[in-house]
Structure formats: C-alpha cells, structure tokens
Amino acid sequence: MADFQEQLQRLQEQLQRAQARANELPSLVPEPPPPPVDPEAPEWADERARIEARVRSETSVAELQAQLIEALLDNERLRRALEEERQNHARTREGLITALGDALDTLKQRRRSPKPP
C-alpha cells in the first residue's frame with residue numbers, strides 16, 4: 001500500500017509540473033506573426049550588405065525575379081513547417097498530460113479497490 005501511495009505522490013507531482021510547464025507554453029491559438037525584420041537595424045548590417053552585393057551583381061531582371069520567386073516559395077515552405085511543428089508539439093503536450101492523468105486515475109482506483117485474499 002505504501003508503494004502505491006509513494007507512486008501516486010510522485011505521479012501527482014509530475015502531473016503538477018507538466019501542467020505548470022503546459023501553462024507556460026504558447027496557447028493553441030496561433031499568435032500573430034512577429035514583426036518584420038528591420039533591415040536598417042544594426043544587427044542586420046552585415047547580412048544587408050551581403051544581400052545588396054548579391055542583388056547588384058545580378059543584372060538581369062529575369063534572374064532577380066527567379067530569385068524572388070525562390071525566396072518566397074522557401075518562405076512559405078518554412079512557414080508551413082513551423083506551423084506543423086507547433087501543432088505536433090501541442091498534440092504531444094496534450095497527450096502527455098492526458099497520459100499522466102490516466103495513470104493517476106488508475107493508481108487511485110487500485111488504491112481504493114480491496115486487495116484479493
């Protein structure tokens with residue numbers, strides 16, 4: 001009986017920690033996208049200079065259009081991958097919390113049921 005009580009106590013503590021962590025995580029409602037990067041910000045100076053040099057070296061409008069299309073497609077692919085990862089994370093979190101709750105319920109039921117002779 002003491003083993004079940006100790007195990008129940010440990011699981012309750014784990015559940016409380018998991019719930020506390022879940023409350024700290026972002027909600028399932030998508031957050032608004034972050035503000036666009038400010039290309040004038042000092043931390044982007046090197047990246048901006050590199051991109052400007054690359055763009056200036058391309059003299060063909062068609063080449064620049066192809067690069068823009070590629071960049072926009074890559075941006076969309078990354079956005080979709082991030083959204084899928086967020087959804088998977090939320091499902092995993094909910095599944096773990098449910099599993100902990102089920103384990104606690106099982107332990108409580110075992111504790112309450114009479115032991116066979």
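Visitor: Is Q9 buried, partly exposed or exposed?

Guide: This is a predicted model. In it, Q9 counts as partly exposed, because its relative accessibility is 39% and the range between 20% and 50% defines that class.

Visitor: Which helix is Q9 found in?

Guide: Q9 belongs to helix 1.

Visitor: And how far apart are the C-alpha atoms of Q9 and L107?

Guide: Their C-alpha atoms are separated by 10.0 Å, although the two residues lie 98 residues apart along the chain.

Visitor: Let us turn to L100. Is that one buried or exposed?

Guide: L100 is buried, because its relative accessible area is 16% and the cut-off for burial is under 20%. L100 is found in helix 3.

Visitor: What does L100 touch, leaving out residues up to four places away in sequence?

Guide: On that basis, L100 touches L11, Q14, L15 and A18.

Visitor: Which residues make up the largest nonpolar core?

Guide: That core has 7 residues in all: L8, L11, L15, A18, L100, L104 and L107. Helix 1, spanning 2–24, and helix 3 are the elements that give two or more residues to this core. Helix 1 gives the most, with 4 residues.

Visitor: Changing topic, what is the volume of the largest pocket?

Guide: The volume of the largest pocket is about 340 Å³. Two elements each give two or more residues to its lining, namely helix 2 (45–57) and helix 3 (61–112).

Visitor: Which element gives the largest share of that lining?

Guide: Helix 3 does, with 6 residues.

Visitor: Which residues line the largest pocket?

Guide: The lining consists of E47, R50, I51, R54, V55, L64, Q67, L68, E70, A71 and D74.

Visitor: How many of the lining residues are nonpolar, polar and charged?

Guide: The lining of the largest pocket divides into 5 nonpolar, 1 polar and 5 charged residues.

Visitor: Now the chain as a whole. How many helices and strands does the secondary structure come to?

Guide: The protein chain has 3 helices and 0 strands. Read from the N terminus, the order of elements is α-α-α.

Visitor: How many residues does the chain have, and what percentage count as buried?

Guide: The protein chain has 117 residues, of which 10% count as buried.

Visitor: What about its accessible surface?

Guide: The accessible surface comes to about 10100 Å², and carbon and sulfur atoms account for 55% of that area.

Visitor: One last point: what share of the contacts with a separation of 6 or more comes from residues 24 or more positions apart?

Guide: Such residues account for 79% of those contacts in the protein chain. L100 and L15, discussed above, are in contact with each other.

Notes
Residues numbered from 1 in each chain as written. Predicted model: local features only at pLDDT ≥ 70, side-chain atom pairs only at ≥ 80, totals over all residues. Heavy atoms only, no water. 1 Å grid on protein atoms, 1.4 Å probe; cavity = no way out; pocket = protein on both sides within 12 Å on 5 of 7 lines; lining within 4 Å. Points joined across faces, edges and corners; volume = space filled by probe spheres on them. Nonpolar A, V, L, I, M, F, W, Y, C, P; charged D, E, K, R; others polar. Buried < 20%, exposed > 50% of the residue type's maximum accessible area, 1.4 Å probe, protein only. Contact = heavy atoms within 4.5 Å. Core = buried A, V, L, I, M, F, W, Y, C linked by side-chain atoms within 4.5 Å. Areas by Shrake-Rupley, 256 points an atom, 1.4 Å probe, with all protein chains shown as cover.
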